[in-house]
Amino acid sequence: MSISPNTTDTDALYRKIAWRLMPFLFFGYVAAYIDRMNVSFAKLQMAGDLGFSDTVYGFGAGIFFVGYFFFEVPSNIMLHKIGARIWLTRIMLMWGIISSAMMFVDSPLSFYGLRLLLGMGEAGFFPGIILYLTYWFPNRYRAKCTAVFIFGIAFSGIISGPISGWIMESLQGVQNLQGWQWLFLLEGLLAVILGCFAPLILQDKPENAAWLTAAEKQLVREHLAAEQQLAVTQHCSFKETLANVTIWLLAGIYFLLVAGLYSISFWLPQIIHDFGQSSLIITGLLSSIPYICASIGMAFIAHYSDKHNERYRIMQVCMGVGAVGLFASAWFQSPISLSLLSLSVACTGIMACFSLFWTIPTKILCNTSVTAATGIAMINSVGGLGGYIGPFFLGWVKDTTHNLSAGLYVLAVGLLIAMGLLMLLRLRIKV
C-alpha cells in the first residue's frame, strides 16, 4: 500500500496528534529550562549573600550537565522499556523537588551538590521527548514538532526573566527568606504540578491512545514502518554504539552548540547587570529580548527547512550567523543596545540549529530500536557537557580578565568548528 504524507487526511491526523501531545511537552520543557537556568538570575543576589566568585558560580551552574552525562543514556533505555508515561512523570516530579530544594544552598559544596542532583533528576527528559516524538511522527512532520518543543527554550527565556526579576525583588525578605530562595521554591513547584498531570495526558505509543481511531492508528504504524525501512538502521550493541563515528560527530556538533547556548543563557543577566542596571525587574525584561528575536527566527527557519526539506545547509548558515553574533557581542561591549543586538543574533542562529539538529539523528538511527534510544541519549549527554564547559570557562575568564570578551571569541570559533564537523558528517552519510 502506497501512502502519501501529503494528503489532507494525513496532515489532519498529525495535527490531531500534535494538538494532543505538544502543548504539554512544550510547557514541560519550559519548566525544565526555567529550573536549569533560574540560577542565572539567582546569582545576582545569591553570589553576594553567600560570597560566591564567578568561577564558583560558573562551575556550579555547569555541573548540572555532569549529572546529565552519567544518567541520560540509562534514562532513555528505561523510557524505551518502561514507557514514556511513567518515566517522564518520574523525571518531572524528581527534578521539580530538587529544584525547589536549591533554596537551601548555603555554601559552594551544597551549591555544587544540588546542581549535580538536579542534572541527574532531569536527565532523560529532553532526549526522552526526542525519542518519544519518533513513536508518533514521521520525519517529515518531526522538524516542526521538534521546533515547537525546542521553542520552549526561547519562550522560557522570554517569560523567566521578568518573572524571576519580579519574584526576587518583590518577595525579598518575606518569611525571612531571600528573593533567590523564593525563586527556587516557586519555580521548582511548577514542574511538580506538571508532573502530576503527565499520566493523564501522555500515552506511550499510538496504539495506546483511546483518542485515535483504529484506522488512524494503522496509518501511523504504516508511515513509521515505511520510514524505518528507508532509515540507516544501526542494529548493534551498546559497545558498538560507543564506537560509532557518526554518533560521535553528532555529539561533537551538539557539544559546541550547547556550549554557545548555555554560556549566553547562564551569563546574560550578569552581562546586563554589568552595564549598571540595578533593577532586577528591568534586568529580567532586557534579558528577554534575545529570546524574543530567537523565537521569531526559529519559527521562520523551521518552516523554511520543512518546506524545502533541507536541514544541513540551513544549519551551516545558522551556525555562521551564531558565530558572527558571538564575535560582535565580544567586540561591542557598549552601548547596551549593540550588545543586546549582537546577543540576539547569536541566540537566533544557535537556537535555530537546535530545532534542525534533532531531525538528523532521529532520521539516521532506527526509529524504534534500543540503538535509537541509546544513540540519542549519548549524543545529548556527551554533547550536553558543553553546558558544563562553556559556563565554567566564561566564569574563569571573567575572574581572570574581569571581562567576558575572550571567552565569547572562543565560543564563536567553536561554532565555526561545528560547521566543519557538520560538513564531515554530510560526507560520511553521503547527503
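**Figure 1. Charges and overall build of the protein chain.** The mean positions of the 24 positive and 20 negative charges of the protein chain lie 10 Å apart. Please keep in mind as you look around that this is a predicted model. The secondary structure amounts to 20 helices and zero strands. With a radius of gyration of 21 Å, close to the 22 Å that the globule rule gives for 431 residues, the protein chain is as compact as a globular protein of that length. Its C-alpha trace spans about 65 × 45 × 40 Å along the principal axes.

**Figure 2. Surface and contacts of the protein chain.** About 16500 Å² of the protein chain is accessible surface, and carbon and sulfur atoms hold 69% of that area. Of the 431 residues, 60% count as buried. If we take contacts between residues at least 6 apart in sequence, 84% of them join residues at least 24 apart.

**Figure 3. The largest nonpolar core.** This core has 136 residues, and the members that touch the most others are Ile17, Leu25, Phe125, Trp136 and Phe149. Helix 12 (residues 245-274) gives the most to this core, with 17 residues. For a closer look, take leucine 25: leaving aside residues up to four places away in sequence, leucine 25 touches Ile129, Tyr132, Leu133, Phe149 and Leu202.

**Figure 4. Helix 7, a mostly covered helix.** Helix 7 covers residues 125-134, and ten of its ten residues are buried. Among them are Phe125, Phe126, Pro127 and Gly128.

**Figure 5. The loop between helix 8 and helix 9.** Here you will find glutamine 175, in the loop that links helix 8 (139-170) and helix 9 (179-201). The phi of glutamine 175 is near 55°, a positive value in a residue other than glycine. Asparagine 176 sits in the loop between helix 8 and helix 9 as well, and asparagine 176 has a positive phi of about 60° although it is not a glycine. Are these residues buried or exposed? Glutamine 175 has a relative accessible area of 63%, so it is exposed. Asparagine 176 is exposed too, at 75%.

**Figure 6. Serine 337 in helix 16.** Serine 337 belongs to helix 16, which runs over residues 336-357. Its relative accessibility is 49%, so serine 337 counts as partly exposed; the cut-off for exposed is over 50%. From C-alpha to C-alpha, serine 337 and leucine 117 are 37 Å apart in space, and 220 residues apart in sequence.

Key
Residues are numbered from 1 along each chain as its sequence is written. This is a predicted model: local features need pLDDT of at least 70, side-chain atom pairs count only at pLDDT 80 or more; totals for chains, interfaces and linings use all residues. Side-chain values use heavy atoms; hydrogens and water are left out. A nonpolar core is a set of buried Ala, Val, Leu, Ile, Met, Phe, Trp, Tyr and Cys residues joined through side-chain atoms within 4.5 Å. Buried means under 20% relative accessible area, exposed over 50%, partly exposed in between (1.4 Å probe, protein chains only). Helices (H or I, at least four residues) and strands (E, at least two) are DSSP runs, numbered from the N terminus. Contact means heavy atoms within 4.5 Å. The radius of gyration is taken over C-alpha atoms; the globule rule is 2.2 Å times the number of residues to the power 0.38. Accessible areas come from the Shrake-Rupley method with a 1.4 Å probe; for residues, only the protein chains shown count as cover. Lys and Arg count as positive and Asp and Glu as negative; His and the chain ends are not counted. The place of a charge is taken as NZ of Lys, CZ of Arg, CG of Asp or CD of Glu.
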